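Here's a quick briefing to read with the model open beside you. Take the points in any order you like.

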Amino acid sequence: MKRILVLCTGNSARSQLAQGYLQHFAGDRAEVYSAGVDPKGVNPVAIQVMAEDGLDISHHTSNHADEYTGIAFDYVITVCDNAREQCPYFPSAGELIHHSFSDPGHTPGEDLVTSFRRVRDEIKEYSREFIQQKIPA
């Protein structure tokens with residue numbers, strides 16, 4: 001079984017969305033974790049937009065990246081530039097991957113829920129492709 005860690009700044013939105021979709025697409029072929037370099041709690045709008053797509057992430061917690069430095073990860077994915085720059089050293093990480101997604105709720109002229117849905121859909125597609133390429137069935 002592969003282990004994947006998704007890192008973001010606050011571990012409140014992007015990394016939570018990615019954790020949900022990566023786990024969904026990987027099924028029992030992977031364990032997916034998420035963390036932040038400055039955790040803020042899971043954003044309720046992230047929970048809402050995932051529920052709209054049939055995934056329940058209401059049980060997710062917002063964790064600090066330091067909590068996972070002792071776990072051997074096959075992949076560590078940073079989903080924002082700040083997390084990549086502040087990413088703690090993971091000596092057991094097999095592959096470090098960076099793919100920056102915009103911060104939902106911070107797009108001028110776009111309402112909060114629309115912004116979360118757009119980023120959710122981008123992360124969903126990325127997650128589907130990642131699992132197909134890295135952990136095929």
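Helix H2 (residues 44–52) has Val 45, Ala 46, Val 49 and Met 50 buried, where buried means under 20% relative accessible area with a 1.4 Å probe, protein chains only (over 50% is exposed, and in between is partly exposed). An α-helix has 3.6 residues a turn, so residues three or four places apart point the same way.

This is a predicted model, numbered from 1 along each chain as its sequence is written. Local features need pLDDT of at least 70 and side-chain atom pairs count only at pLDDT 80 or more, while totals for chains, interfaces and linings use all residues, and side-chain values use heavy atoms, without hydrogens or water.

**Around H2**

- The cover over the buried residues of H2 includes helix H1 (14–26) and helix H4 (112–134); helices (H or I, at least four residues) and strands (E, at least two) are DSSP runs, numbered from the N terminus.
- At the start of H2, a side-chain oxygen of Asn 43 comes to within 2.7 Å of the backbone nitrogen of Val 45.
- After H2 comes Gly 54, with a positive phi near 85°.

**The strands**

- Strand E2 (residues 30–36) has 6 of its 7 residues buried, so it is largely enclosed by the rest of the structure.
- Strand E1 (residues 2–8) pairs with E2 in the parallel sense over 7 bridges, pairing being called when DSSP finds at least two bridges between two strands. Cys 8 sits opposite Gly 36 of E2.
- E1 also pairs with E3, again parallel, over 4 bridges, and there Ile 4 has Tyr 75 as its bridge partner.
- E3 is joined to the parallel strand E4 (residues 95–98) by 4 bridges, with Glu 95 in E4 as the partner of Tyr 75.
- E3 is covered on both faces: Tyr 75 and Ile 77 on one side, and Val 76 and Thr 78 on the other, are all buried. In a regular strand the side chains alternate between the two faces of the sheet.

**The nonpolar cores**

- The largest nonpolar core has 31 residues, and Ile 4, Leu 22, Ile 77, Phe 130 and Ile 131 touch the most other members. A core here is a set of buried Ala, Val, Leu, Ile, Met, Phe, Trp, Tyr and Cys residues joined through side-chain atoms within 4.5 Å.
- Two or more residues of this core come from each of E1, H1, E2, H2, strand E3 (75–78) and H4.
- Another core, of 8 residues, lies apart from it and includes Leu 5, Tyr 68, Phe 73 and Val 76.
- Ile 131, in helix H4, is buried, with a relative accessible area of 3%. Not counting residues up to four places away in sequence, Ile 131 touches Ile 4, Leu 22, Phe 25, Ala 26, Arg 29 and Pro 136, contact meaning heavy atoms within 4.5 Å.

**His 60**

- His 60 is in the loop between H2 and E3, and at 14% relative accessibility it counts as buried.
- Its side chain makes a polar contact with the side chain of Gln 16 at 2.8 Å, and the side chains of His 60 and Gln 19 are joined by another of 3.4 Å. A polar contact is a pair of N or O atoms within 3.5 Å; within protein, one must be able to donate a hydrogen and the other to accept it, and residues adjacent in sequence count only if both atoms are side-chain atoms.
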